[in-house]
Amino acid sequence: MEKSAKIWMNGKLVNWDDAKIHILSHVIHYGSSLFEGLRCYHTMKGPAIFRLNEHTKRLFNSCKIYRMKMPYSPEEINKAIIDLIKVNELKDCYIRPVVYRGYKNLGVDPTNCPVDVAIAVWRWGKYLGEGAIEKGVPVRISSWSRMAPNTFPPMAKSGGNYMNSQLIKLEALLDGYVEGIALDVSGYVSEGSGENLFVVMNGSLLTPPLGASILPGITRDSVITLADEMGLKVIEQLIPREMLYIADELFFTGSAAEITPISSVDKIPVGSGTRGPITRELQERFFAIVSGNVEDKYGWLTSVS
């Protein structure tokens with residue numbers, strides 16, 4: 001990880017190496033954290049954050065689900081993110097706000113522990129590897145399922161949910177794949193360890209619904225908007241595993257992964273085994289917006305300057 005100069009913690013800027021919490025903080029023992037991941041892009045008009053308001057809203061929604069009262073307003077969080085990028089003099093970066101239960105008491109009951117907030121920014125390249133955007137990545141169907149309904153809320157971006165993601169990712173890497181795809185508790189396609197999933201079949205775009213234990217992805221939503229602009233039919237439906245083997249194209253979406261093609265599933269090539277034309281066009285439209293090369297008609301970019 002490439003260090004930046006400062007991290008924002010509870011309203012104060014601290015040096016990167018001094019951004020520490022107590023070992024008995026509630027979050028360490030019980031996973032009580034909610035977080036976001038978003039990107040700032042280097043555009044022709046300077047640094048710009050992609051869909052800042054939507055990410056902040058999702059962070060507050062996650063806190064609401066877990067009954068964690070945010071000590072700051074959305075406007076204060078947005079300003080803190082913008083100011084932090086300026087202080088660190090970054091032209092492009094990844095942004096990680098995290099809300100967590102801090103140090104006071106231990107025990108499953110978190111109500112007496114303070115709610116702390118921190119924000120970090122740093123340079124981060126392509127999440128699934130250099131060249132993945134063009135060549136795609138090989139994936140496997142994971143032996144680990146996503147959480148069942150009424151166990152953990154997948155609509156909250158919580159640290160605890162990513163213990164499941166780690167199992168999916170570790171299994172895939174140990175078996176020689178770049179990523180894994182989890183099925184839901186009913187055996188339908190859910191998502192990757194940290195990405196939403198799209199299937200291209202017969203000129204239409206299919207993606208699992210929220211009921212398939214997926215995170216309501218903001219890049220996912222952006223792709224649906226761009227697909228509609230292209231005249232593509234987008235269908236949110238339950239997707240059986242075998243559909244991944246016979247799809248014309250597959251790709252991941254996410255703030256870290258952006259739009260990354262999938263080249264094979266369980267060593268079965270997807271289509272021709274290379275990035276398909278619909279994936280390529282969606283990428284071109286997406287990157288044209290985030291680079292500032294075309295009009296931001298959806299108001300997705302927030303200028304840092």
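The lining of the largest pocket draws at least two residues from each of β3 (33-35), α2, β6 (93-101), α5 (161-174), β10 (189-192), α6 (218-229) and β14 (249-254); helices (H or I, at least four residues) and strands (E, at least two) are DSSP runs, numbered from the N terminus. The model is predicted, so that local features need pLDDT of at least 70 and side-chain atom pairs count only at pLDDT 80 or more, while totals for chains, interfaces and linings use all residues. Residues are numbered from 1 along each chain as its sequence is written, and side-chain values use heavy atoms, with hydrogens and water left out.

The volume of the largest pocket is about 760 Å³. Its lining comprises 41 residues, of which Phe35, Arg96, Lys157, Tyr162 and Gly194 are the closest to the pocket centre. A pocket is, on a 1 Å grid over the protein atoms alone, an open set of points where a 1.4 Å probe fits, with protein on both sides within 12 Å along at least five of seven lines; lining residues have an atom within 4 Å of a point. Grid points are joined across faces, edges and corners, and a volume is the space filled by probe spheres set on the points. The most residues in this lining, 5, come from α5. By class, the lining of the largest pocket has 15 nonpolar, 18 polar and 8 charged residues (Ala, Val, Leu, Ile, Met, Phe, Trp, Tyr, Cys and Pro count as nonpolar, Asp, Glu, Lys and Arg as charged, and the others, Gly among them, as polar).

For the second largest pocket the volume is about 350 Å³. It is lined by 15 residues, with Ile7, Arg96, Val98, Ala118 and Ala120 the closest to its centre. Two or more lining residues are given by each of β1 (6-9), β6 and β7 (115-122), and β7 has the largest share, 4 residues. This lining consists of 13 nonpolar residues, 1 polar and 1 charged.

Helices α2 (residues 52-65) and α3 (residues 74-87) pack with their axes 10 Å apart, at an angle of about 125°. Axes are lines fitted to C-alpha atoms, for helices over the stretch in contact, and angles run from 0 to 180 degrees between N-to-C directions. In the contact (heavy atoms within 4.5 Å), Leu52, Asn53, Thr56 and Phe60 of α2 meet Pro74, Ile77, Asn78, Ile81 and Ile82 of α3. These comprise 6 nonpolar and 3 polar residues, with no charged ones.

The axes of α6 and helix α8 (residues 277-290) cross at roughly 110° and come within 10 Å. The two helices are therefore roughly perpendicular (65 to 115 degrees). From α6, Thr219, Val223, Leu226, Ala227 and Glu229 meet Leu282, Arg285, Phe286 and Ile289 of α8. The contact has 6 nonpolar, 1 polar and 2 charged residues.

How values were computed
Parallel < 35°, antiparallel > 145°, perpendicular 65-115°, else oblique.
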